[in-house]
Amino acid sequence: MTMVLSALEYLGYILIFPGFLFCFFVGLLLAGIDRKIVAKMQKRVGPPILQPFYDFFKLCGKETIIPAAASKTTFLMAPLVGLAGLVVLQMFIPIHGWAAFSGTADIIVILYLLLIPAMATMLGGSASGSPYAGIGMSREMVTVISCELPLVLVLLAVGKVAGGDSVTFSFSVISDYQLANGSLILHPSLIPAAIAFLMIIPGETGNHPFDTAEAETEICEGLLAEYSGAPLGVFKLAHAVKLLTLSSLFVALFLGGVGTGIIVIDGIILVLISIVITILTVSLVHAITARLKIEQVFKYYWTVVSGLALISLVLAWYGL
């Protein structure tokens with residue numbers, strides 16, 4: 001009986017909170033807020049906030065066209081694998097000390113899980129047989145490589161401060177440290193790392209101006225050029241969910257001391273903070289910046305963003 005109840009509990013985590021349904025509704029909500037805010041900044045009316053929901057269900061009702069040159073299984077499975085990776089990732093991210101899944105190497109697991117959506121997108125694009133997707137795949141690969149270095153440096157800096165004499169890779173240790181000592185965003189040595197992480201979010205999510213892999217006016221949607229129907233809808237959903245997962249990751253790393261200990265209220269706080277992060281790091285950058293060239297993306301992340309993260313790591317390492 002205990003095993004059955006435990007299985008049902010974890011099934012609830014996977015399907016409801018903090019799993020699929022939570023990711024579905026909050027992710028699409030963040031995407032809708034992003035589009036609305038950008039429109040307002042550009043003095044347009046813009047779509048309703050619920051437009052991503054309408055778009056998803058409309059795409060699910062449309063015909064799925066599979067190119068003759070495509071590898072059918074990979075082409076259809078890629079979006080599902082990418083979305084599944086993000087849902088699992090969300091369950092490793094603690095909310096004020098609580099997480100559906102936890103361990104001693106959570107940060108390493110998260111680094112791997114963050115690669116799954118990008119890898120799935122690249123595999124799906126390459127499986128389509130489209131030359132536009134081939135160009136998009138190479139650009140996506142450069143973007144992923146560009147973002148990985150500063151992200152690793154940020155995680156090392158946080159792990160060093162929370163771990164004390166050693167670098168910790170456990171979110172439970174990071175959460176306990178913040179619950180005892182306050183949010184890490186207030187730690188002087190981690191302020192550059194927090195700024196760097198906020199600058200990483202648009203690149204990791206592939207939002208404008210870092211949407212070089214899709215580039216509508218240049219390579220005709222790139223990786224997604226041949227996608228239609230439900231698979232395209234799932235890719236759009238995964239993109240929206242990634243906004244949530246990265247915002248949640250920022251909250252867990254730097255704002256883990258903000259909360260009440262009541263999971264429902266803390267979940268609402270997480271959503272509200274995620275909305276603010278989305279507006280500041282995605283919508284604002286989208287509204288004021290022209291799309292970058294791929295070489296500019298690489299230079300930006302390996303110089304400016306990595307530099308900020310490295311400053312935090314050095315300061316944390318010497319206990320400053």
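I sorted the lining of the second largest cavity by class and got five nonpolar, two polar and four charged residues. I kept in mind that this is a predicted model.

I then asked which residues make up that lining. The list for the second largest cavity reads Leu114, Leu115, Ala118, Glu140, Thr143, Val144, Cys147, Glu148, Gly203, Glu204 and Lys242. I looked up its volume too: the second largest cavity holds about 70 Å³ of space.

Next I asked which helices supply at least two residues each to the lining of the second largest cavity. They are H5 (106–127), H6 (131–163) and H8. H6 gives the largest share, with five residues.

**The largest cavity**

I checked how many cavities of 30 Å³ or more the structure holds. I found two. The largest has a volume of about 80 Å³. Its lining has 13 residues, and those closest to the centre are Ile95, His96, Val251, Val258 and Asp266.

I looked for helices here as well. H10 (229–254) and H11 (263–288) each supply at least two residues of the lining of the largest cavity. H11 provides the largest share, four residues. I sorted this lining by class: nine residues are nonpolar, three are polar and one is charged.

**A helix pair**

I turned to packing. Two packed helices are described by the angle between their axes and by the distance between those axes.

H8 covers residues 191–205, and H12 covers residues 294–317. Their axes come within 7 Å and cross at roughly 150°. Are they roughly parallel or roughly antiparallel? Angles over 145 degrees count as roughly antiparallel, so H8 is roughly antiparallel to H12. I also noted the hand: H8 passes H12 in a left-handed crossing.

Which residues make the contact? From H8 I wrote down Ile191, Pro192, Ala193, Ile195, Ala196, Met199, Ile200, Pro202 and Gly203. From H12 I wrote down Tyr300, Tyr301, Val304, Val305, Leu308, Ala309, Ile311 and Ser312. By class, the contact of H8 with H12 has 15 nonpolar residues, two polar ones and no charged ones.

One last cross-check. Gly203 is in the contact of H8 with H12, and Gly203 also lines the second largest cavity.

Methods
Residues numbered from 1 in each chain as written. Predicted model: local features only at pLDDT ≥ 70, side-chain atom pairs only at ≥ 80, totals over all residues. Heavy atoms only, no water. Axes fitted to C-alpha atoms, helices over the stretch in contact; angles between N-to-C directions. Parallel < 35°, antiparallel > 145°, perpendicular 65-115°, else oblique. Left-handed = near helix turned anticlockwise from the far one by under 90°. Contact = heavy atoms within 4.5 Å. Nonpolar A, V, L, I, M, F, W, Y, C, P; charged D, E, K, R; others polar. 1 Å grid on protein atoms, 1.4 Å probe; cavity = no way out; pocket = protein on both sides within 12 Å on 5 of 7 lines; lining within 4 Å. Points joined across faces, edges and corners; volume = space filled by probe spheres on them.
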